[in-house]
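I opened this notebook to keep a record of what I looked up. The structure comes first and my entries follow.

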Amino acid sequence: MTLKTQVGIIGSGPAGLLLSQLLHKQGIDSVILEKHSRAHVEGRIRAGILEQGTVDMLDEAGVGERLHEEGLIHDGIGIQFNGVNHRIGFKARDTGKTVTVYGQTEVTKDLMDAHAARGQDPFYEAEDVRISGIEAGTPTLKCLFQGKGLEVQCKIIVGCDGYHGVSRQSFPSDVLNTFERVYPFGWLGVLADVKPVSEELIYNNHKNGFALASQRSATRSRYYIQCELNESVEEWSDDRFWETLIHMFGEEVGPKIETGPSIEKSIAPLRSFVAEPMRYKSLFLAGDSAHVVPPTGAKGLNLAASDVHYLTEGLVDYFSTGSTSGLDLYSDRALARVWTAIRFSWWFTHLTHRFPENETHGMAYKLQIAELEYLVQSESAKASLAENYVGLPF
Ligand code: RFL
Ligand code: PHB
């Protein structure tokens, strides 16, 4: 089967789905090819925190209704160290912005429902997606769908296929510059139907490592603890997880943690990664296909949304007037914002995690605590964290 469309999109994560939906609202046609089933994509437990800019875009895409009903608005976070939790508020700090607790799973579901409602489901379980015709000016996607060949002829291709996707690999190697740091630890995450321990998230620097108390709703909690890269979830029974978490949260918070059976348990490695530029001719990258941040700053999904913001502007301009100026600026505009989030996530990860070099309470650990003390005492340091956490302007 051969299809023609304006924009061919690889991947139905938040970047691909949001881009397609916003383009649809502007009368621009797109087709999404997704490697996995809908259930698989929806089932991945990932991000939980949406910046205001991301919420605004979901509204613009017409999928904000449930988010506003069920999402929890937070205007501060807790930073815990030496066993004491300190609050850092957002609103009071001139940002005037908040964040919304609403799972990536829910964002994905709302966007997939919107696609289904307009009768334009992504092609789920599209196998062996390949990109061709970029050099020749005839951008084409090919794949195997339900056992038959599918060809999609496009004007523009956007790779929203995540860190392990095919799009970035399709750039000529001499065009792409990559920057990468793999951290020497991971996050073990548990989702459970228990009441969150605190109204706000708590980022905890404990002498044994980092721990995070997050949530999805008033009755569903998401907790993380720092783990070794070679550990597996099988080594972490629910009992062992809760015991470790309660210990790490100390006397003040620990005893308040409600425990229960885990619904999901997974280990994620942490990395910082950027590929530059985010465009080669008619092939564009958006979201995790071009950059990855450690989850500490809650920026990954939000960066995917900001890429989509800049790209949608460029594409609307291109398809309505023929002007390529927005598309020509896309990579520089997106990357400028990406690097601010890479820096923030890097800084926040370094401030809160146990690195091999600081586990013995040496100089690096002392410096970490000194910086945390400064952070919770200085109004300008708190304002800087708040400004980055709620999201820098587009
Ligand atoms: P995704 O979500 O990885 O989607 C890519 C899609 O492309 C498909 N795909 C392919 N399809 C066709 N052909 C191929 N060859 C393909 N290869 C891949 C995949 O199946 C998939 O459906 O990328 P996208 O859309 O760029 O979205 C990025 C976000 O998912 C990611 O940045 C966030 O989840 C990161 N993240 C967080 N971000 C936040 O903003 N706030 C948070 O609180 C937050 N917490 C997190 C996180 C990520 C985590 N993990 C597991 C890495 C917490 C964790 C634990
Ligand atoms: C989450 O709830 O999954 C979450 C929240 C904040 C983060 C990372 C993950 O910084």
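Entry one, the ligand shell. I looked up which helix gives the most to the shell around ligand 1, and found α8, with three residues. I took helices as DSSP runs of H or I with at least four residues and strands as runs of E with at least two, numbered from the N terminus. Both α1 (14-25) and α8 supply at least two residues each of that shell. In total 32 residues surround ligand 1, and the closest are Glu34, Arg44, Gln104, Asp288 and Leu301. A residue is near the ligand here if one of its heavy atoms lies within 4 Å of it.

A note on the source: this is a predicted model, in which local features need pLDDT of at least 70 and side-chain atom pairs count only at pLDDT 80 or more, while totals for chains, interfaces and linings use all residues. Residues are numbered from 1 along each chain as its sequence is written, chains are lettered from A and ligands numbered from 1 in the order in which they are written, and side-chain values use heavy atoms, with hydrogens and water left out.

I sorted the shell around ligand 1 by class and got 15 nonpolar, 10 polar and seven charged residues. For this, Ala, Val, Leu, Ile, Met, Phe, Trp, Tyr, Cys and Pro count as nonpolar, Asp, Glu, Lys and Arg as charged, and the others, Gly among them, as polar.

I found a backbone N or O atom of Lys35 at 3.1 Å from a nitrogen atom of ligand 1. For Leu301, a backbone N or O atom lies 2.7 Å from an oxygen atom of ligand 1, and for Asn302 the distance from such an atom to a ligand oxygen is 3.2 Å. Taken alone, ligand 1 exposes 1000 Å², and the protein buries 89% of that. The areas come from the Shrake-Rupley method with a 1.4 Å probe.

Gly322 follows α8 and has a positive phi, near 85°.

How many salt bridges does a search of the whole structure find? I got 20, where a salt bridge is a side-chain nitrogen of Lys or Arg within 4 Å of a carboxyl oxygen of Asp or Glu.

I followed Arg66. Glu70 forms a salt bridge with Arg66, with the closest N and O atoms 3.1 Å apart. The two are four residues apart in helix α4 (residues 65-70), so about one helical turn separates them. Arg66 also meets Asp110 in a salt bridge of 2.9 Å, N to O. That pair links distant parts of the chain, as Asp110 is in helix α5 (residues 104-117) and Arg66 in helix α4, 44 residues apart.

I checked accessibility as well: Asp110 counts as buried at 11%, whereas Arg66 is partly exposed at 22%. Buried means under 20% relative accessible area, exposed over 50%, and partly exposed in between (1.4 Å probe, protein chains only).

Last, I noted a network of salt bridges that links Arg38, Glu42, Lys109 and Asp113.

Conventions: Polar contact = N/O pair within 3.5 Å; in protein donor to acceptor, adjacent residues only side chain to side chain.
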